[in-house]
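Here is a briefing on one protein chain.

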Amino acid sequence: MRVGVTAHFQFSVFSGGGATSVLSIAETMKMMGHSVTLVNLNGTQDWWEDMHTLKQVFPRINLEDVKEPFDLLLEVGNTLKSKDIRQRVAKHCVWVVRKPLLLNDIENSIFPVAMGQRTTEGISAVWCLDQEVFDDELQYLETLTRVPVHKVPFVWSPACVEQIIVTGK
């Protein structure tokens, strides 16, 4: 199966949890026998500022350059901007929620400074990392998205740490 995993190539892999989540999820899907491509959402940079040795592990494509739809696109963290984009780039899109969402959304309803646009129209399902998302949030996400919401195992890859050990940087 052709699987795309969304990525926002910016700053260091260690600038937050997003990059390591993307790499861990991509590595897990690859180990399961799928053909995995990282889908670049920002289009201005083709990799993070570090971990260049891992750059050869996964092919990359800018979102705008996707010609043949993926069988599955995993939208890690941020969602795509529209249903039309989803229909163009994948047969099925799944939003992967990697951190608690409810408190963040409540805060942003009072102080709407940090919340970007979220569009869930056209997603097939929501996968929530079991160690990061609380049970109360499952019902919130079902109401918000109107699609099946599932807890999935949190995965972590030592690849970044191993590269630091090998390369010393």
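## Overview

Of the 169 residues in the protein chain, 41% count as buried (buried means under 20% relative accessible area, exposed over 50%, partly exposed in between, with a 1.4 Å probe and protein chains only). The model is predicted: local features need pLDDT of at least 70, side-chain atom pairs count only at pLDDT 80 or more, and totals for chains, interfaces and linings use all residues. Residues are numbered from 1 along each chain as its sequence is written, and side-chain values use heavy atoms, with hydrogens and water left out.

**Fold and overall shape**

- The protein chain has five helices and seven strands (DSSP runs numbered from the N terminus: helices are H or I with at least four residues, strands are E with at least two).
- Along the sequence, the pattern reads β-α-β-β-β-α-β-α-β-α-β-α.
- Along the principal axes, the C-alpha atoms fill a box of roughly 45 × 35 × 30 Å.
- Among contacts between residues at least 6 apart in sequence, 62% join residues at least 24 apart (contact means heavy atoms within 4.5 Å).
- The protein chain exposes about 9500 Å², and carbon and sulfur atoms supply 56% of it (Shrake-Rupley method with a 1.4 Å probe; for residues, only the protein chains shown count as cover).

**Largest pocket**

- The largest pocket holds about 1000 Å³ of space (a volume is the space filled by probe spheres set on grid points, which are joined across faces, edges and corners).
- On a 1 Å grid over the protein atoms alone, a pocket is an open set of points with protein on both sides within 12 Å along at least five of seven lines, whereas a cavity is a set where a 1.4 Å probe fits but cannot get out; lining residues have an atom within 4 Å of a point.
- The lining counts 37 residues, and His-8, Val-76, Gly-77, Asn-78 and Thr-79 lie nearest the centre of the pocket.
- Strand S1 (2–7), helix H1 (17–31), strand S5 (90–97) and helix H3 (102–110) each supply at least two lining residues.
- H1 gives the most to this lining, with four residues.
- By type, the lining of the largest pocket divides into 17 nonpolar, 15 polar and five charged residues (Ala, Val, Leu, Ile, Met, Phe, Trp, Tyr, Cys and Pro count as nonpolar, Asp, Glu, Lys and Arg as charged, and the others, Gly among them, as polar).

**Second largest pocket**

- The second largest pocket has a volume of about 210 Å³.
- Its lining residues include Ile-25, Thr-28, Met-29, Trp-127 and Val-155.
- H1 and strand S6 (125–129) each supply at least two residues of this lining.
- H1 provides the largest share, three residues.
- The lining of the second largest pocket has 10 nonpolar residues, two polar and no charged.

**Buried residues**

- Ser-24 is found in helix H1.
- Ser-24 is buried, because its relative accessible area is 4%.
- Leaving out residues up to four places away in sequence, Ser-24 touches Val-155, Trp-156 and Ser-157.
- Trp-47 sits in the loop between strand S2 (35–40) and strand S3 (60–62).
- With a relative accessible area of 2%, Trp-47 is buried.
- Beyond its neighbours within four places in sequence, Trp-47 is in contact with Phe-9, Leu-23, Leu-38, His-52, Leu-54, Lys-55 and Arg-60.
- C-alpha to C-alpha, Trp-47 and Leu-23 are 12 Å apart in space, and 24 residues apart in sequence.

**Exposed and partly exposed residues**

- Asp-84 is found in helix H2 (residues 83–89).
- At 58% relative accessible area, Asp-84 is exposed.
- Phe-11 lies in the loop between S1 and H1, and is not a glycine, yet has a positive phi near 60°.
- Phe-11 is partly exposed, with a relative accessible area of 46%.
- Arg-146 lies in the loop between helix H4 (135–145) and strand S7 (149–152).
- Arg-146 also has a positive phi, about 60°, although it is not a glycine.
- Arg-146 counts as exposed, so its relative accessibility of 68% is over the cut-off.
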